[in-house]
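Hello,

Here is the structure I promised to hand over.

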Amino acid sequence: MTDPFETIAAAELPDRFDDATVLLDVREQDEWDQGHAVGAVHMPLGEVSERLDEVDPDAEVYVVCRQGGRAVRVCQFLSQYGRDVIFVRDGMVGWQQSGRPTVAADGNEGSVY
């Protein structure tokens, strides 16, 4: 059985995110605070079901966590509710390894390690 969603490597993600192209970061608050992609939307895994209405069914939604485990679960959940999602298989670790910038909660350069 295959998952009903696409997968992508972090290095292949768009350079910018907005209302139509969303990077949904499902990591916990402390992980987000250490470093996240500029323009990403933070929605911890434990809040996804109660915040489902915040995921625009018309947007292109990329789902990311640290290394992929939580993101695949969120993709499975959102797909059940008719959202078209794209799984970022190597997560924020892949994002940082590919040289893409992160920002910390304090506005300085962040890190996912």
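Predicted model: local features only at pLDDT ≥ 70, side-chain atom pairs only at ≥ 80, totals over all residues.

Residues are numbered from 1 along each chain as its sequence is written, and side-chain values use heavy atoms, with hydrogens and water left out.

**The sheet**

Helices (H or I, at least four residues) and strands (E, at least two) are DSSP runs, numbered from the N terminus. Two strands pair if DSSP finds at least two bridges between them. Five strands form an open sheet in the order 1-5-4-2-3, with parallel pairing. Strand 1 (6-8) and strand 3 are the edges, and each pairs on one side only.

Strand 2 and strand 4 are joined in the parallel sense by five bridges. There, Asp 25 is opposite Val 64 in strand 4. Strand 2 also runs parallel to strand 3, with two bridges between them. Leu 24 faces Val 41 of strand 3 as its opposite residue. Strand 4 and strand 5 are parallel too, with three bridges. Tyr 62 is opposite Ile 86 in strand 5. Helix 2 packs on this sheet and touches strand 2, strand 4 and strand 5. Its direction makes about 170° with that of strand 5 (axes are lines fitted to C-alpha atoms, for helices over the stretch in contact; angles run from 0 to 180 degrees between N-to-C directions).

**The cores**

A nonpolar core is a set of buried Ala, Val, Leu, Ile, Met, Phe, Trp, Tyr and Cys residues joined through side-chain atoms within 4.5 Å. The largest one has 18 residues. Those with the most contacts inside it are Leu 24, Val 26, Val 61, Val 63, Val 74, Leu 78 and Val 85. Strand 2 (21-25), strand 4 (60-64), helix 2 (69-80) and strand 5 (85-88) each supply at least two of its residues. Helix 2 gives the largest share, four residues. Apart from this core lies another, of 16 residues, including Leu 23, Val 64, Ile 86 and Val 93.

Look at Val 61. Not counting residues up to four places away in sequence, Val 61 touches Val 22, Leu 24, Val 55, Asp 56, Asp 84, Val 85 and Ile 86 (contact means heavy atoms within 4.5 Å).

**Salt bridges**

A salt bridge is a side-chain nitrogen of Lys or Arg within 4 Å of a carboxyl oxygen of Asp or Glu. The count is five.

- Asp 15 meets Arg 100 at 3.3 Å, N to O. Asp 15 lies in the loop between strand 1 and strand 2 and Arg 100 in the segment after helix 3 (91-97), so the pair ties together parts 85 residues apart in sequence. Asp 15 is exposed at 70% relative accessibility, whereas Arg 100 is buried at 12%.
- Glu 31 pairs with Arg 70, with the closest N and O atoms 2.8 Å apart. Glu 31 is in helix 1 and Arg 70 in helix 2, 39 residues apart. Glu 31 is buried, at 15%.
- Arg 51 pairs with Glu 47, with the closest N and O atoms 2.7 Å apart. Shared partners join Glu 47, Arg 51 and Glu 54 into one network.

**Cysteines**

A disulfide is a pair of cysteine sulfur atoms within 2.5 Å. The count is zero. Cys 65 is buried, at 1% relative accessible area, and Cys 75 is buried, at 0%.

Val 38 sits in the loop between helix 1 (29-34) and strand 3 (41-42). Val 38 is exposed, at 59% relative accessibility. Leaving aside neighbours within four places in sequence, Val 38 contacts Phe 17 and Val 103. The C-alpha atoms of Val 38 and Thr 102 are 6.6 Å apart, although 64 residues separate them along the chain.

Best wishes

How values were computed
Buried < 20%, exposed > 50% of the residue type's maximum accessible area, 1.4 Å probe, protein only.
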